Structure formats: structure tokens, C-alpha cells
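Me: Hello! I have just opened a structure that is new to me, and I would like to go through it with you step by step.

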Amino acid sequence: MQNNGFTKKVAVVGTGFVGMSFAYALLCDGACDELVLLDIDREKAVGEAMDLNHGLAFAKTNMNITAGEYRDCADADIVVICAGVSQKPGEDRISLLQRNRKVFESIVEPVLASGFDGIFLVATNPVDIMTRVVYRLSGFSSGRVIGSGTTLDTARLRYLLGAYFTVDPKNVHAYVIGEHGDSEMTPWSQALVGTKPIRDIVAGQPDRFSLEALDRIAADVTNAAYRIIRAKNATYYGIGLALVRIVKAIFGGENSVLTVSAKLCGEYGVQDVFAGVPCILGREGVRGVLTLELEPHEMERFRASCRLLDRIWKDSFSEK
């Protein structure tokens, strides 16, 4: 990390809906000291910086916000990549891969040329594959290349479970793991409300709750992005807030557990794949992967998701 921890600087590459939702949420939260916006459309980045600066009088902190160049990444702590082509209605995230690969090659090279030595945070879909792309292109240690992973999916799950059980989502402890996409899964064996297993609550009140309803909730989480895209063409507020949460965990040295996309090095019997798993996040990025005690059928679903991601990677990049 740069600046010995005294100045918190974030560079955002891509000033589209996701990048600017993230930037706006950063400003509202006062989550960094310096924010640099980069975009292939320089004029748009300038306009976005102006718009944010005009709201500084109402913000928590006097953040320094500028439109910059790749050389401005040199002393950044975190470079957040939000650039890429948008997901079309009905298009799955994996089909975005080839269209976004060239975009990333044009970003990572100049960021590295600036002398950047911080943490990459990737939001562009398909996020697990694109995070692995950045890892390969950057040569950074795996702990310093992080994807947003299933952080938002996990938040969606907790929101829906909170509504179902009529409890504050903050008191729901459950995870979505695997691909941020169609093969993601929810291990119900690890889901709690407070300290009580969700399956015990369902078994104890069969007149109110059911396992079938839980499965519908899991499906709703997986399909949430598609529904939002059909309704408004893109998703951006939720992921913007999720990115802020990740950034705060890093800057605060919180050692918080978030389901980011991280490189698996034998955990869950998986090697070299980036997938959404509970990780401990601190000042240096991913400090460690937490291994959940999955039941055999859950483990198989998770590994199947990882195999899918690995197959797509090898088909697309193994000889690249």
C-alpha cells in the first residue's frame, strides 16, 4: 500500500454507471481522501469530477476529486476497475469475457507503467474471470488482486432472508459462494439467523417456513441481476455500495469477512481459480480464505462452479 497508510487514495477506471455509483458512494461515506477518475472519454471524466466536487459542501469530508491520467495511479492505494462493455438484456456474464478482455489489456499495462504498487479491485463482469485476467497481467501477489465476487449476491441473500424471517438482515449470517453468476450457490448448512441455524428454524416452524421457500430465495438472488437489467438496463447502486464496503475494509485494516473473488490455493480442493469465497480483508488485501464446513453435496456444487470458471479460463486464455 502507498503513502504509509496516511493518505487514502483511490483511482477509478471507468466512469460509467458502476464507476460513478461507486464514486458517489465513496463521497457520501467519506471513505477516502483522494479520488481520481479515469476514462477513455476524458471529457466525461472531467464532467463527473466537476459534478462530484460541486457536492463537497454537503459531504462528510473535504475529498480531493480530480479527473486524471494513468500516471496518477502511481501513488494510489487501490485501483478499482469498473470499465468494460455492459451486460445486455438476457446476456449471461460469461459471454462478456471476450469483449472485455481487450479492454483490460489496455488498462492494466498503463496502470503498471505508472509505478502502481497497491491493490487492484475488479468490478467488471464476468468478475471472477476478469479478476484472474488482472492477476495474470499484473504479476501481483494474489492477495493484492481482488474481485467484488459474490459480495453483492450475499447482501441480496441476507436482504431476502431478513424479509422472509422478519429480522434485520445484519443479523442474518449466510453466504453466496462460487461464480458471480448462474452457477453460484448458497450453502444452507452455514446459514444462521443470529446464532441459530436457518434449517433448524424452518424445521421448528413448518407452518411458517419451508426449505422450498429457501430454494426460491436462492434462485431469486441468482436471477436478481437479470431482473434489474430487464427493468432498467443495468445494475449499479448495489455494486457501488459493495465496492465501498470492500474499500473501507481495506483502508480500515478491519480484517472483516467478505465474499470477494479471491484466488484459491487448495482451499475446498480447488487450485488457481478465482471465485467468491469468505475472505479476511485487511490493509494488504486478502489476508486469508475462510474454509466453510460444507456438506458433501454443497462441496460438489461449489467445485462444479469452480470447474466451470476454470474451463472457461483455459478455453479462452491457456495459450494466450
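This is a predicted model: local features need pLDDT of at least 70, side-chain atom pairs count only at pLDDT 80 or more; totals for chains, interfaces and linings use all residues.

Me: Good to know. With that word in hand, which residues does R144 touch, not counting residues up to four places away in sequence?

Reply: R144 lies in the loop between α4 (127-138) and β6 (145-147). Its relative accessible area is 17%, and the cut-off for buried is under 20%, so R144 is buried. Once residues up to four places away in sequence are set aside, the residues that R144 touches are D117, G118, I119, F120 and E284.

Me: What about G143, which residues does it touch under that rule, not counting residues up to four places away in sequence?

Reply: G143 is also placed in the loop between α4 and β6, and with a relative accessible area of 14% it is buried. Not counting residues up to four places away in sequence, G143 touches E284, G285 and V286.

Me: Let me step back to the whole protein. How many helices and strands does the secondary structure come to, and why is the protein as compact as a globular protein of that length?

Reply: The secondary structure comes to nine helices and 12 strands. For 320 residues the globule rule gives 20 Å, and the protein is close to that value, so it is as compact as a globular protein of that length. Its C-alpha trace spans about 60 × 50 × 40 Å along the principal axes. The radius of gyration behind that reasoning is 19 Å.

Me: What share of the residues counts as buried?

Reply: Among contacts between residues at least 6 apart in sequence, 70% join residues at least 24 apart. The accessible surface comes to about 14200 Å², and carbon and sulfur atoms account for 50% of it. As for the 320 residues of the protein, the share that counts as buried is 53%.

Me: How far apart do the centres of the positive and negative side chains lie?

Reply: There are 35 positive side chains and 39 negative ones in the protein.

Me: How many disulfides does the count come to?

Reply: A disulfide is a covalent bond between the sulfur atoms of two cysteines. The cut-off for the pair of sulfur atoms is within 2.5 Å, and by this rule the count comes to zero.

Me: Then where is the nearest cysteine sulfur to C32, and is C306 buried or exposed?

Reply: C32 is in no disulfide, and the nearest cysteine sulfur, that of C28, is 12 Å away. C306 is in no disulfide either; there the nearest cysteine sulfur belongs to C279, 12 Å away. With a relative accessible area of 2%, C306 is buried.

Me: Now some backbone details. Which residues does a cis peptide bond join?

Reply: Most residues other than glycine have a negative phi, and most peptide bonds are trans. In this model P126 is found in the loop between β5 (119-122) and α4. With omega at about -5 degrees, the cis peptide bond joins N125 and P126.

Me: What is the phi of N255, and what is the phi of Y268?

Reply: N255 is found in the loop between α8 (237-251) and β10 (256-265), and at 38% relative accessibility it counts as partly exposed. Y268 lies in the loop between β10 and β11 (271-282), and at 4% relative accessibility Y268 counts as buried. Neither residue is a glycine, yet phi is positive: near 55 degrees for N255 and about 60 degrees for Y268.

Me: One last stop: with which residues is G253 in contact, leaving aside its neighbours within four places in sequence?

Reply: G253 has its place in the loop between α8 and β10, and at 28% relative accessibility it counts as partly exposed. G253 and R283 are 30 residues apart in sequence, and 4.6 Å apart in space from C-alpha to C-alpha. Leaving aside neighbours within four places in sequence, G253 is in contact with G282 and R283.

Notes: Residues are numbered from 1 along each chain as its sequence is written. Side-chain values use heavy atoms; hydrogens and water are left out. Helices (H or I, at least four residues) and strands (E, at least two) are DSSP runs, numbered from the N terminus. The radius of gyration is taken over C-alpha atoms; the globule rule is 2.2 Å times the number of residues to the power 0.38. Buried means under 20% relative accessible area, exposed over 50%, partly exposed in between (1.4 Å probe, protein chains only). Contact means heavy atoms within 4.5 Å. Accessible areas come from the Shrake-Rupley method with a 1.4 Å probe; for residues, only the protein chains shown count as cover. Lys and Arg count as positive and Asp and Glu as negative; His and the chain ends are not counted. The place of a charge is taken as NZ of Lys, CZ of Arg, CG of Asp or CD of Glu.
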